[in-house]
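Trainee: Could you take me through the positive surface patch in this model, and then show me what lies around it? I would like the cut-offs spelled out as we go.

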There are 2 protein chains.
Amino acid sequence: MHPIAQGAYAPRRTRPIWLQIYDRLLHACETGALSPGQRLPGEISLARTFDVSRVTLRRALRRLQQEGHLQARKGAGVYVRQPLTRWQVDDSGQQLPARTADARAMETRTLSLAKGPPDAATAEHLEIAPDAKVWHLTRLRLHKGVPIYLSDKFFPADIFDRFDAAYAPAQSVQDVFAAHGQADWQRTETRISGAFATAETAAALELSPSTPLIAVEAYNTARNGRRIELTQGIWPLTGVELVFQRS
Amino acid sequence: MHPIAQGAYAPRRTRPIWLQIYDRLLHACETGALSPGQRLPGEISLARTFDVSRVTLRRALRRLQQEGHLQARKGAGVYVRQPLTRWQVDDSGQQLPARTADARAMETRTLSLAKGPPDAATAEHLEIAPDAKVWHLTRLRLHKGVPIYLSDKFFPADIFDRFDAAYAPAQSVQDVFAAHGQADWQRTETRISGAFATAETAAALELSPSTPLIAVEAYNTARNGRRIELTQGIWPLTGVELVFQRS
DNA sequence: CAGTGGTCTAGACCACATG
DNA sequence: ATGTGGTCTAGACCACTGG
């Protein structure tokens, strides 16, 4: 028998079996008995090991997936995720690029960049005409190789006529702003809410579908009051901590 | 047959049955076919209505509970929740009490107020000695009678020697600050992360256990740098929107 | 191809809330 | 006492992944 499953269960009335299994698996993740990247035995096998039905076992696994400790891949198996980052975003002043406890381990991957007509909601957010054009930038941020943040950014194309050329060298939005004479801007509004992973967003973040997420929507505004950027981003509910500081 | 369940299901490969049931129930909540406060038929009956097993039906219900549209009460039934508030908290400047779109519909209920020794973590957060004393205030905020925010607040007792007397008249922390000569303070740090409802927190917020939550931890600091308040609060993941604005 | 996770079924027992 | 939701079981078929 696998060592994780050793020992009898506490009475069911004190704590459901599936939560006791959750406890043991979580403990195994935290102590390193299950190491990141490792593949778990199959669910049928695991259920036999824990001496429960597959349904009960899956309930424990589902909770661990929602919390980001495990990730199931259909047809492949259940894998132990890298421990989630407590990501500290300092959003005071004009400090846009998030400072991180371990900034060198952060990687930004550009998934797509294209110019086109905005949908109605985006046009309204940016306070532009529906027939104007916008740049649409989709990026993924990874910490130690683990995707932790997926964002869509929108910029009015009339202001940033050379977005792609300015962005390409360093994948830096700040560079784009600077190249278009937009050095003086401010993060004027940040909205935080909740959501659940769709099939697509789950795939991008390497999470199980239906995982709870935190969603952010933010505007950057130029000195003259014009909105020059709309950001919509999501990250896993657990394992990321957002920090707002004021001196 | 209940009208909500009318019509055949789309092929299972396009969308799982439980998600199709979820879709229909959600639509019923949004259109008012299921009105707030209403009790749903029992799960066995509902499963028969939707022509699925109880397990499949419960899967749809669970998702709706996680999103705050429904709430199950053991032994009593499943009820339709009041539509969730999009709660806008303006946290700029010294504006502590959250401004709300409909402030008159907000109610604050004090659950407990007591003076005692802090636990180790609280002492560290408030930067006080472990053997100092702190006031511990637990409150619940309701919008239109629906609990949406549960908070624990801690204050160093050496500063606020008459907390209870100053707090009682208006249930106002600001009044306590004013009565102790602490008019000049600042919200210096706000940390946002995720969590899941325990049995206790679920009961207080009238949610189903294991519902995903957003958690906030914040400090208020006096002019001299002394931390005078620690707040730890939680609210349902969905249905609340936190807004940070800067002019 | 075999094995995986995703979905679904038809039962069952329990603790709990309500009338 | 009845009915409720919470938990659990032992099966089954499917789509997908991998060797």
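Mentor: Happy to. A patch here is built from residues with over 30% relative accessible area and no salt bridge, where like charges are joined within 9 Å and nonpolar side chains (Val, Leu, Ile, Met, Phe, Trp, Tyr) within 5 Å. Lys and Arg are positive and Asp and Glu negative, while His and the chain ends are not counted; a charge is placed at NZ of Lys, CZ of Arg, CG of Asp or CD of Glu. Areas are Shrake-Rupley values with a 1.4 Å probe, and for residues the protein chains shown are what counts as cover. A salt bridge is a side-chain nitrogen of Lys or Arg within 4 Å of a carboxyl oxygen of Asp or Glu.

Two sentences on the ground rules. This is a predicted model, so local features need pLDDT of at least 70 and side-chain atom pairs count only at pLDDT 80 or more, whereas totals for chains, interfaces and linings use all residues. Residues are numbered from 1 along each chain as its sequence is written, chains are lettered from A and ligands numbered from 1 in the order in which they are written, and side-chain values use heavy atoms, with hydrogens and water left out.

Now to the patch itself. Arg59(A), Arg62(A), Arg59(B) and Arg62(B) form the positive surface patch. Helix H3 (54-66) of chain A and helix H3 (54-66) of chain B each supply at least two of its residues; helices (H or I, at least four residues) and strands (E, at least two) are DSSP runs, numbered from the N terminus. Take Arg62(B), which sits in helix H3 of chain B. Arg62(B) is partly exposed because its relative accessibility is 32%, where buried means under 20% relative accessible area, exposed over 50% and partly exposed in between (1.4 Å probe, protein chains only).

With two chains contributing, the symmetry is worth a look. Superposing chain B on chain A takes a rotation of 180° with 0.0 Å of shift along the axis, and the RMSD is 0.1 Å.

Other charged side chains do pair up. Over all chains there are 22 salt bridges. In chain A, a network of them links Glu43(A), Arg54(A) and Arg58(A). Elsewhere in chain A, Glu189(A) and Arg191(A) join in a salt bridge with an N to O distance of 2.3 Å, and both residues are buried. In chain B, Glu189(B) is bridged to Arg191(B), again with 2.3 Å between the closest N and O atoms. Glu189(B) is buried because its relative accessibility is 9%, and Arg191(B) is buried at 17%. The bridge between Arg15(B) and Asp23(B), at 2.7 Å between the closest N and O atoms, has partly exposed partners: Arg15(B) at 33% and Asp23(B) at 30%.

Two backbone spots deserve a glance too. Gln171(A) is not a glycine, but its phi is positive, at about 50°. Gln171(A) belongs to the loop between helix H5 (163-167) and helix H6 (173-179) of chain A and is partly exposed at 31% relative accessibility. In chain B, Glu206(B) also has a positive phi, near 55°. Glu206(B) lies in the loop from helix H7 (199-205) to strand E7 (212-222) and is partly exposed at 40%.

Finally, step back to chain A as a whole. Chain A has 7 helices and 9 strands, and its C-alpha trace spans about 65 × 40 × 35 Å along the principal axes. Of its 247 residues, 53% are buried. One of these is Val243(A), with a relative accessible area of 3%, in strand E9 (residues 242-245). Val243(A) is 157 residues from Arg86(A) in sequence, with 9.9 Å between their C-alpha atoms. Trp87(A) is buried as well, at 4%, in the loop between strand E2 (77-80) and strand E3 (106-116). Between the C-alpha atoms of Trp87(A) and Trp185(A), 98 residues apart along the chain, the separation is 24 Å.

Technical notes: Least-squares fit on C-alpha atoms with pLDDT ≥ 70 in both.
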